[in-house]
Amino acid sequence: MAALESLSLAQARRIALAAQGFADPMPAGVPTRRHLRRVLDRIGLLQMDSVNVLQRAHYLPLYSRLGPYPTDLLDRAAYRRPRDLFEYWGHEASLLPVDLHPALRWRMAGAHSDAWGGMRRIAVEQPELVARVLDEVRANGPLTAAEIEHDAPRDKSNWGWNWSVVKQACEFLFWAGELMAGSRNTSFARVYDVPERVLPPAVLATPTPATPDAYRRLVGISARALGVAAEPELRDYFRLPVAAARVAIAELVEAGELLPVEVRGWRLPAYLHAQARLPRWIRASTLVSPFDPLIWERARTERLFGFTYRIEIYVPAPQRLYGYYVLPFLLGDRFVARVDLKADRKAGVLLIPAAWSEPGTDPVETARALAVELHRLAGWLGLDAVAAPEGGDLAGPLTAALASVLAVR
């Protein structure tokens with residue numbers, strides 16, 4: 001795309017959505033590893049979260065871009081050889097391409113100063129315990145924290161362990177890069193292993209880049225994934241230090257990888273990635289996870305889409321505006337609705353505690369598109385039915401639309 005000095009808000013939206021993969025065609029058949037790699041090349045990483053009221057967070061961005069896909073595709077890429085992905089702190093807890101490991105070693109090296117309090121305290125106050133945990137995994141891994149405690153010598157007075165101390169030691173070693181997630185067990189607990197049994201040899205052998213080079217690489221990935229963004233979003237993508245990110249942005253501007261632009265209506269200066277695309281339209285019709293990189297930075301979501309979004313999991317129920325686990329519905333290049341969802345796996349039903357339309361949208365048209373998407377989502381989740389919505393201003397039109405979709409099946 002030719003360099004532009006100014007972008008309309010509609011252009012910025014289409015650039016952002018294309019950068020995130022929403023302008024790519026859906027696979028004609030069952031998605032493959034090639035399709036997964038295409039999405040990861042677009043978005044750079046997948047955020048993980050333990051909430052499982054609908055589906056675990058890292059599976060949903062692929063669904064939003066590929067449609068129904070076998071989740072084992074992602075599991076194999078993350079936890080079986082040859083691995084494409086590894087777990088580490090990227091945005092939050094994340095799955096990242098293995099070739100990004102060297103670019104995150106600066107974060108691993110800073111574990112003693114940057115890891116959370118409990119982890120740092122264990123490393124300072126009980127270094128011998130941390131060393132024993134590492135030795136235990138090296139000798140007997142892969143192991144969960146609970147298994148490490150179970151496998152410890154019977155005379156626990158020599159270890160001084162309880163579960164929380166073991167977990168803190170494991171997590172410190174994970175932050176420091178000395179342990180990795182070899183897999184996840186059925187309870188979604190990390191199964192720890194040492195890097196030489198997790199990462200491909202070529203990645204282990206890759207020299208560690210200078211820290212400024214690593215920052216530039218990570219900002220460059222963020223910029224390509226966002227398409228057009230302001231400085232706070234470019235550093236937030238990988239949670240980079242403010243001063244270092246600003247230096248990296250300036251260097252990428254000087255190199256021509258980032259182009260300063262004005263987005264009309266934005267107060268903040270914006271940066272356009274040199275390889276960004278401006279499609280004529282976006283034909284998306286999909287639900288988007290609360291943990292999708294498209295909407296990580298809520299202020300940018302408001303500037304781009306005029307869509308105010310907050311996840312309300314931790315808000316007391318009487319104070320919630322929309323619901324516990326609310327997914328925005330993307331239709332074309334706009335968010336036109338939001339829907340609170342829950343998978344009742346025992347009954348085989350997708351529950352809809354509430355459905356809400358956005359101002360200025362056609363509720364009937366929105367409901368028809370959303371009904372199709374909800375049946376598609378239910379099928380992907382292995383659920384047999386979609387329940388009528390229980391509340392929200394879109395409940396009436398959506399109830400009728402869901403019945404219409406069911407009638408033509």
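This is a predicted model: local features need pLDDT of at least 70, side-chain atom pairs count only at pLDDT 80 or more; totals for chains, interfaces and linings use all residues.
**Close-up 1. Arg338 meets the ring of Tyr322.**

**Close-up 2. Arg303 lies over the face of Trp266.** Here the ring belongs to Trp266, and Arg303 is found 4.2 Å from its centre.

**Close-up 3. Trp89 and Trp116 pair up edge-to-face.** There are 13 aromatic pairs in the structure. In the one formed by Trp89 and Trp116, the ring centres are 4.8 Å apart and the planes make an angle of 70 degrees. Trp89 comes from strand β3 (residues 85-89), while Trp116 belongs to the loop between α6 (111-114) and α7 (117-125), so this pair ties together parts 27 residues apart in sequence. Trp89 is buried, at 11% relative accessibility, whereas Trp116, at 47%, counts as partly exposed.

**Close-up 4. Trp89 also pairs with Trp175.** With centres 5.7 Å apart and planes at 40 degrees, this pair is tilted. Trp175 sits in helix α10 (residues 163-175) and Trp89 in strand β3, so the pair ties together parts that are 86 residues apart in sequence. Trp175 is buried, with a relative accessible area of 7%.

**Close-up 5. Four rings join in a cluster.** Take a look at Phe305, Phe307, Tyr309 and Phe335: ring pairs link them together.

**Close-up 6. Helix α1 is largely enclosed by the rest of the structure.** The helix covers residues 9-19, and eight of its eleven residues are buried. Among them are Arg13, Arg14, Ile15 and Leu17. Just past the end of α1 comes Gly21, with a positive phi of about 95 degrees.

Terms used: Residues are numbered from 1 along each chain as its sequence is written. Side-chain values use heavy atoms; hydrogens and water are left out. Buried means under 20% relative accessible area, exposed over 50%, partly exposed in between (1.4 Å probe, protein chains only). Helices (H or I, at least four residues) and strands (E, at least two) are DSSP runs, numbered from the N terminus. Rings of Phe, Tyr and Trp (its six-membered ring) pair if their centres lie within 6.5 Å; planes under 30 degrees apart count as stacked, over 60 as edge-to-face and the rest as tilted. A charge sits over a ring if NZ of Lys or CZ of Arg is within 6 Å of the ring centre and within 35 degrees of the ring normal.
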